[in-house]
Every structure is written in C-alpha cells, then in structure tokens.
Amino acid sequence: MIAQLIFALIFGAGIFFFSKRIAFISRNINMGRDIDLTDRKIERWKTMARVAVGQSKMVTRPVAGILHILVYVGFVIINLEMLEIVIDGLLGTHRIFSDLGSIYGVLIGAFEFLALGVLVACGVFLIRRNLIRLKRFKSKEMDGWPSLDANIILITEILLMFAFLSMNAADSIAISREFEHYVGTANLSGAFPISQYLVPLYSRLSDAGVIFAERGFWWFHIVGVLSFLVYVPYSKHFHILLAFPNTYYSNLEESGRLNNMASVKKEVDLMMDPTTDPYATAPPNTDNGEPEPPPCFGVKDGADLTWKQIMESYSCTECGRCTSVCPANLTGKALSPRKVMMDCRDRMDVIGANRDANGGEYKDDGKNLVGDYVSEEEIWACTSCQACVDACPINISPMGIILDMRRSLIMEDSKSPDSITTMFNNIENNGAPWAFPAASRGDWIKDS
Amino acid sequence: MNTFRVPTMAEMIAEGKSPEVLFWVGCAGSFDDRAKSITKAIARILHHAKVSFAVLGSEESCTGDPAKRAGNEFLFQMQAAQNIAVLNGYGVKKIVTGCPHCFNIMKNEYPELGGDYSVQHHSQFIATLISEGKLTLADDHPYKGRRITFHDPCYLGRGNGEYDAPRSVIEALDAELVEMRNCKSKGLCCGAGGAQMFKEAEKGDKEINDKRTEDVIETSAKVVVTGCPFCNTMMTDGVKSAEKTESIDVKDLAEMIATAANILPE
C-alpha cells in the first residue's frame, strides 16, 4: 500500500513538472507573431506522416537515419509497456496484462528486441559524438551544455533500457524459482529473448536478492522514465514531441519563395495610390480609439518571430545537419544555422522567464536577439541557398529567420554593409543593382 | 543568320502584334558582359525556334530580388509594383528568363502582388523546344561526348525543385554528364545568392565559389554548365583562381545549345 502511495506521488509529480514546463513553452510560442497556417489540412497531415512519423528526411544520411529509426521505434513501442507499468504501480499488481494470453509473451519479447536496438543505437551515437568526434557535433555552439545534454540523453536511454532488460532477467529467475506473485505469469514463456543473457548476472543472488533486484530495476526504470519526462522539455530532446506539430505546420510553398510582408504591401499600396491623402492621420484602432503602433519590420527580438518560428526553435534537436551543409559555415564563416535556432530558443527562455517574473508582462531587459545573440556578421553571411531548409529532418527554416533578421537590420535600423547600401541606391536610381543607366538596358540588342 | 532584330514589347505593340512570350533578360543579362553573351544565345535560340517573343528593353527593371534577400522589402515591393504595372499593361502571360532569381521571384512572389504569369527558366523552355522538335542540333558539335558537369542554381533546384530540365538539355547535347558529389537538392551554392553578389564575403577561411570549384575539379569534367548568370560569374572566378582555365570551360546551357545548333555568330 505504501509502495502504491509513493508511486502515485512520484507519478503525479512527474506529470506536474512536465506540464508546468510545457505550459511555459506554449506561452513562449504564443508570444510570437501571428501567422495563419490553418490551410491545406490534408497536405499538412500527409507531410507530418511522411517527415515526422515516416522519418523520410532522416534516412538521407543512412547510418544516422537507420540508427535513429531504431531508437524512435523502440521509444514509441516500448512506451506501450509503460501503460502496464503505471497500472501495476498504482494498483500494486504484477504484470497485469499477462492475462492477455500468449500474445503477452510475444509482446514482451518484441519489446526486448526493440530495447536491444535502442541500446545498440545509443551506444553507436555515443561513440560518434565522443570517440569519432564527428565535426557536425563539435562546432563552437556545441561546447558545454549542448554536448552534455546530448550525452545525458544517450546515457539515460541506455540505463533505462538496461534496467528494463535486467528487470525481466530478474523476473525470469523469480519465475523459475517459483516465487509467489511471479509464478502466475505463465504466459511469459519465450518472453525473454534478450534478457535471458543477463540472467547469469543475477542468478547467484539469494531469493530475497532476486526479488530486490527485480523490484529495484522496476523502480529505477519507472522513476527514471518519469524524471526523463520532466527533463525532456528542458532539453534539445524535446523534438520527440514537437517534431510532430512542427512538421504539420511545415512551409508548404516552394522553398525558394520568401513571404511578401503584408505590412509593407499596405504602405506600398498607399504610396502607389494617387487618391491617397498624404496628410491623413493613421486610422484609429477600433478597440480603444488609439492609433495602431507602427509595425516593427522583421525580427529584432524573440517576440518578433512568428509563433511557428518559436516552435521551430523549441523543436530543434541540434543535430547540425543544417550547419554541415551551409556554404557559409563550410567556408569558415561565423554563421551556423543551428546556432541561430539555439539562440532563438535561448532568447525565448529568457524572455519567458522575465515575463513570468513580471506578472505576465515582459519587461525590457535591454537585450535583443539580433546583436546580443546573433551577430550582424552571422546574419550577412547567409546566401539564402536553402540548403539548411532542405537538410532539416523536421522542416525547420533557419534561413527564414536569418532573412527576417536582415529585414529588421535594414528597415528598422538602416544597418547594412556599404556595398549593400550602394546596391539599394542603384536599384532605386536606375533599376539595376549596378550603376548602369536604365536607358542602356537594351543596348545588348544592337550587337546581337 | 548573323543578324536579326530582337523586338521590344513597345515595338511589337506599335506594329499591332502581341508576342506569345516575354523574354525577361534581367539585370545581369542586360549589363554584365559575360552574361550578355548568354542573353544573346537565348535570343538566338528563341528566334531560331521561331518563337514569337519580345523583350522589355529599357522598360524592364530589377525584379527586386537582391533588395528583398538583403532585407529591403520596401524596395522590393516598389520594384515589383512597377514591373507588374508594365507587364500587366502589355498583357504579358508567359515569361521566360535566363536568371533563376528573376524566375523564382516572378513565379513565387509576384502573384500575391498582382502579377500572375506563367514563368519558365530558360532550361525548361529550351527542353520543351527540343522535345517538340522545334530546335535541332547539328550532327557534329563540340560538346558531343564531352565530359560535362552541371551546377544546380539554388533558386532553380532547391528553390523550385527543377533538376530535370537542365539535365535533359545536356542529354540532348549527347554529352557525358557527370554529377558532382553535391548535386541536385544537395548542390552547394556558388556563393552569390542572398545579395552576396553585391558585397564582400564575411571573414572565413575560403571563398564559397572556390569550394564549389573543388567539386567541379573532382569530376574531371571539361565543362561546368550553369543556368544562372551569377553562378556563371562565380564559377568563372573559381576556375580562374584554381588556375584551371585551360582545362575547364564555364558555359551556360543556352550558350552550349546555341553553339550546338550552329546559330551563334562567328
């Protein structure tokens, strides 16, 4: 009974802290600018099914892709077993689903194979990160916490899978020694295809020791899972949830298309309209009669991002495929698309905490995403080639954010490299980025 | 065949004719010496294939692409409004252009601003001309059997998913097409996009076009083919700085087709 109470408490605490963090992140996402992505629902579901559920973009790099699928499938399916563990924990039963018949043994057996797959994949991932030291995992933005975060995730998964298998091994010893409580689970024949090899580790234990091991691993596993649940939304690992909505809200347009800013269109339309009264005051806002504040063009700080862009920043798992194909990064420039995503997320964490500490209203902390997190040097290095967009396994667009940052540099702060200013002037004066007279545009015709 | 007159839209309309296709030349195609020869090749191909076409001449103006990608949405939309007024004024329906940046922005970003046209990149247009038998190539031309690689322009390939048209044109040349290690959706940028063409690159350890040139050299191709005037400039500079001008030619698809069809002036 006490065990059940303790379990209920731990379980409740896990759910509570997880929900609290989720609420924080969704408040942060909701701080973003509005963008209407409610259209083309069928296409959106299909994109999600293909890219997130079907992992279609992961396998373009087969080694990482296939290992990732092992972990992904293992994670999703082994979590079915979590249902039983939670019910057992709350009711004080042991393997409550074992009454389902021989299918139960088959299921547990399948889980064991999946657990082995997860173990192997996580092991290889650790080797790739820490021994082979793939360049993709070693750029500057990965120093410190991000690398530690990755290792914590991998080691936790290994420990959880090991506990799961050990629990089964101890259980099978308990069955063979015909302990009360354990013998009833007769449907477990053939259920331990992997954990049978762990039996020698625990077979020398006394009867009490076996039960202690079985219970110990059971508790370690479930407490570990619940702690991991709380950890995940603080970590890059949050992609396991956000990948789904993030791909649902994918950009469905050609990746070459950059949105036309509606706020600018309004101004240009007014400028082009000969009936416009140039001295008219701004129309009042219907809510309170005050004129609408002038729009801020582009992205200067976190809340200037769209909610989708903020969602992207929380969905990013820092795999670095974007950075590894970025022409600027490949040639030693400061720009790393992955760092831009991490900066957006880190900035939103700060803005969100500030907002919550100030009664729901963000108080200016004198910092901005552009300048304090992402430098102008990074922003100007982008060639808008969309390689980062193509490479992202969950359809994040770092490029969209980078170009939105340029918009604020130009339209809010008039900050551009001199040669870019010259290019603007040329287009304004003679309709070409170079200083050639517009009248000579057709000169090539003469000697064709 | 050496001289023919490229009509402007204004001239055509004055004569009471309305051409099927507007050839959008673009700024590079109009002013850059190297790109001008691509423009001339496209014009000759259109003429040779008896396509009814015209250009805007001095009525054409920058699409606003470099301004937009550099963050100046105002300037872009002003340019777009001006161009759309001209294009709609002439009742243009179909546009072909030799520049993937013009192609992308008119195809994807102009419609919302009131400019809805069927826009084609010249590789697509030429591929259709060839498949419809409107353009025949000489039995013997310098690119037959030549080892050739194609550099995908970002705004044709990744940007608009067009990888096949330029390759089918190369196929029509009966050349030996070898792909670079990064091609199609994985193609490496030449370094000119996003307004980089108009500024110095940020501090780094290499120029992007030099990196891309390494990919070209690795294929041991004799010709690197582009479909974009900016890629052409970047690759030409890259080949030059790698001191490979003797062994590697940088050509636009249109130039090769015009050569193979024997329609370029000597």
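The model is a predicted one, and every value below was computed from it.

We begin with chain A. The domain assignment divides this chain into domain 1, made of residues 2-30 and 61-248, and domain 2, made of residues 262-275 and 295-435. The C-alpha centres of these two domains are 39 Å apart. Where they meet, domain 1 of chain A contributes 24 residues to the contact and domain 2 of chain A contributes 29 residues. Together the two domains bury about 2300 Å², and carbon and sulfur atoms give 51% of that area. On the side of domain 1, A:Ile29, A:Glu141 and A:Asn246 supply 27% of the area buried against domain 2 of chain A, more than any other three residues.

Charged side chains also take part in this interface. Side chains of opposite charge can pair when their charged atoms come close. Three salt bridges are found across the interface of domain 1 and domain 2 of chain A. A:Glu141, already named for its share of the buried area, forms a salt bridge with A:Arg338, and the closest N and O atoms of this pair are 3.0 Å apart.

Chain B is likewise assigned domains: domain 1 covers residues 9-128 and domain 2 covers residues 136-260. Their C-alpha centres lie 22 Å apart. The contact between them involves 25 residues of domain 1 of chain B and 27 residues of domain 2 of chain B. About 2100 Å² is buried between the two domains, with 68% of it given by carbon and sulfur atoms. One salt bridge is counted between domain 1 and domain 2 of chain B. Within chain B, a salt bridge joins the side chains of B:Glu255 and B:Arg34, with an N to O distance of 2.7 Å.

The next step is to see how the two chains meet. In this interface, 60 residues of chain A are in contact with 73 residues of chain B. The chains bury about 5600 Å² between them, 64% of it on carbon and sulfur atoms. Five salt bridges are found across the interface of chain A and chain B. In one salt bridge, the side chain of A:Arg441 meets that of B:Glu60 at 2.8 Å, N to O. In another, the side chains of A:Asp390 and B:Lys186 meet at 2.7 Å, N to O. This pair crosses between chains: A:Asp390 belongs to helix α16 of chain A, whereas B:Lys186 lies in the loop between β6 (176-177) and α9 (208-218) of chain B. Over all chains, the count comes to 46 salt bridges.

We turn now from contacts to empty space. Rolling a probe the size of a water molecule over the atoms shows where empty space is left. The largest pocket holds about 1200 Å³ of space. Its lining comprises 42 residues, and those nearest its centre are A:Ile35, A:Arg257, A:Leu258, A:Asn259 and A:Thr306. Three helices of chain A, α9 (262-272), α10 (307-315) and α17 (398-411), each supply at least two residues of this lining. The largest share, four residues, comes from α17(A).

Cavities, unlike pockets, are spaces from which the probe cannot get out. The model contains eight cavities of 30 Å³ or more. The largest cavity has a volume of about 160 Å³. Of the 17 residues that line it, B:Asp65, B:Pro66, B:His101, B:Phe198 and B:Phe230 lie nearest its centre. The elements giving two or more residues to this lining are α2 (27-31), α4 (65-69) and α6 (100-108) of chain B. Domain 1 and domain 2 of chain B each provide at least three residues of the lining of the largest cavity. The lining of the largest cavity consists of 12 nonpolar residues, four polar residues and one charged residue.

Two elements of chain A, α12 (327-330) and α16 (387-391), each supply at least two of the lining residues. Helix α16 of chain A is also the helix that carries A:Asp390. The lining of the second largest cavity has 11 nonpolar residues, three polar residues and no charged residues.

Key:
Residues numbered from 1 in each chain as written. Chains lettered and ligands numbered in written order. Predicted model: local features only at pLDDT ≥ 70, side-chain atom pairs only at ≥ 80, totals over all residues. Heavy atoms only, no water. 1 Å grid on protein atoms, 1.4 Å probe; cavity = no way out; pocket = protein on both sides within 12 Å on 5 of 7 lines; lining within 4 Å. Points joined across faces, edges and corners; volume = space filled by probe spheres on them. Nonpolar A, V, L, I, M, F, W, Y, C, P; charged D, E, K, R; others polar. Domains from an automatic or database assignment. Contact = heavy atoms within 4.5 Å. Buried area = accessible area lost by both parts, 1.4 Å probe. Salt bridge = Lys/Arg side-chain N within 4 Å of Asp/Glu carboxyl O.
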